[in-house]
Amino acid sequence: KQKEAQRQLKNIKLMVTDKDEDVFFDDVAGIGDAKVELQEIVDFFQKPEKFRASGSRIPRGVLLCGPPGTGKTLLARAVAGEAGATFIALNASEFVEMFVGVGASRVRDLFSQARAQSPAIIFIDEIDSVGRIRGGATGNDERDQTLNQMLSEMDGFDSDLQVIVMAATNRKDILDPALIRPGRFDRIVYVPLPDYFGRIEILKVHLNKRPYAADIDFHDLAFETTGYSGAQLANLVNMAATVAASAQRTEIQYTDLEKAMEYERLGPERPRYSDVARRRIAGMEAATALTCTLLPAIEPVLTVTIVPREKNPLGQTVVKPDEGREMTGLWTRRYLEQQLLTVLSGRAAEELIYGVDEMSSLHQLRLADARQIVSKLVVSAAMTENAAIGPRTVSVPRPVGAGLMQAITQNVPPALHYAADTEMEKILQASYEDVKAMLARNRDALDRIIEALLEKDTLDGDEVLAIVEAHACKEDLESRA
Ligand code: ADP
């Protein structure tokens, strides 16, 4: 039965929405001012004479910019829905994949079709695949001709024509400037990833299409879905509906959404390990969850599991993603120092529990993570006070997969390289000793989390917190506050 539910979950991912049904502005949520800006386009379709009389420039092209899954296609469909215009969509990458010479004629067809069915909106997804800067070493004749044809079609629009081209991209930076000249894609609308309140709105749009339990806490959901796009949120609700259905319910409950989120984060399950391996993995995860909970700069633990999952064949501890950091890549020294302790904690726990001679290779990947964090601290972001290094960044050894290290040593003065390496070693050693001491102080809490994991496989953040608050040492609990 569980297998069947999982198979359904997989299929859901491939589900495509019905392109034929009309979409309106109310179906698109959490995208800030984008709808307000697009109202102008709707007005143009609805009252073209008034629009012309007011002397406003007739819009021809609108470029929607934003990350994948934020609702750009949906928004273009909503503009068509609101305006009562025909919606003609295609993906620009289809142009370039075609045989030579076909791209340009395909563009001509597309535009003549739109003229015949006007009022119409032509929607071109992934415009960057034909619209990237022309010429240069990577020039592509076919692409250039396709783009030229598109531009000349747009230039040839006469002012009575009720056709507007909307295009979407998440790479505005690589677009040919000719595309965004006046009279072409001169309206640019940004469609961002939804923020906290945006996520609540989007979840409501999708949950309102079906029955759901009255006690679903949208604030909790928004909190746990930091970084999700609109498409991921829609997918989450669909998956939750499948989970509910497999439990013979029509109403979606909060636990269905939680299951769907866990699935999204961790992927499908894999076969269980032997008891010996499970205990080892539980030790590593318990140590990670414990240190994440005790260290104040680290975000709250959402879940910790020792169930082998597709996205992580060992166990996994997931902390709440940080909105600001995810988007800007902003890391403080304090954060990195504490993160380093968490990735070293698994090895430290093994040493404490099994002794030096019985340590395993389980930690290989986390040790590579540790190396990366410390190299960010010392070299790539130069955050230490070590005067021999200073704010000079140096290329350093970095993992290139499968535990291998690649030394990139171009143009690095040997003295600087040596100083950086020594500093990294010092920080790694000191951090390792720190986290080992921390775990030793909190051995009782560590053992209890391990036992709870062995018993239940997966713990949520509150369960970990309850154990930590009841059994961690006072000194660590106080410095956390
Ligand atoms: P994009 O074109 O930006 O990649 P899509 O418009 O294709 O994103 O989004 C895919 C699906 O995800 C939509 O059909 C819709 O169900 C859902 N979705 C995405 N963004 C939103 C949003 N802002 N509001 C409501 N639903 C959304």
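I began with an open sheet of 3 strands, whose order is 7-6-10 and whose pairing is antiparallel. I then looked up which strands stand at the edges: they are strand 7 (316–319) and strand 10 (458–460). Each has a single partner strand, so one side of each is left without a neighbour in the sheet. From one strand to the next, the twist averages 10°. I note that the model I am reading is predicted.

Strand 6 (residues 301–305) and strand 7 run antiparallel and are joined by 4 bridges. For V304 I found the bridge partner T317, in strand 7. As background, I recorded that strands of a sheet pair through backbone hydrogen bonds.

I turned to the ligand and asked which of the 18 residues around the ligand come nearest. They are G71, K72, T73, G230 and A231. Two or more residues of the shell come from each of helix 4 (72–83), helix 9 (196–207) and helix 11 (230–246).

My last entry concerns helix 17 (residues 414–441). Its 28 residues reach 41 Å from the first C-alpha to the last, close to the 40 Å expected at 1.5 Å a residue. I looked up its buried residues and found A419, A420, M424, I427, S431, V435, M438 and L439. Against what do the buried residues of helix 17 pack? I found helix 13 (275–294), helix 15 (333–354), helix 16 (364–380), helix 18 (443–456) and helix 20 (474–480).

Methods. Residues are numbered from 1 along each chain as its sequence is written. This is a predicted model: local features need pLDDT of at least 70, side-chain atom pairs count only at pLDDT 80 or more; totals for chains, interfaces and linings use all residues. The expected span of a helix is 1.5 Å times one less than its number of residues. A residue is buried if 20 or more other C-beta atoms lie within 10 Å of its own, exposed if 12 or fewer, and partly exposed in between; C-beta atoms are placed from the backbone. Two residues are in contact if their C-beta atoms, placed from the backbone, lie within 7 Å. A residue is near a molecule or strand if its C-beta atom, placed from the backbone, lies within 6 Å of it. Two strands pair if DSSP finds at least two bridges between them. Axes are lines fitted to C-alpha atoms, for helices over the stretch in contact, and angles run from 0 to 180 degrees between N-to-C directions.
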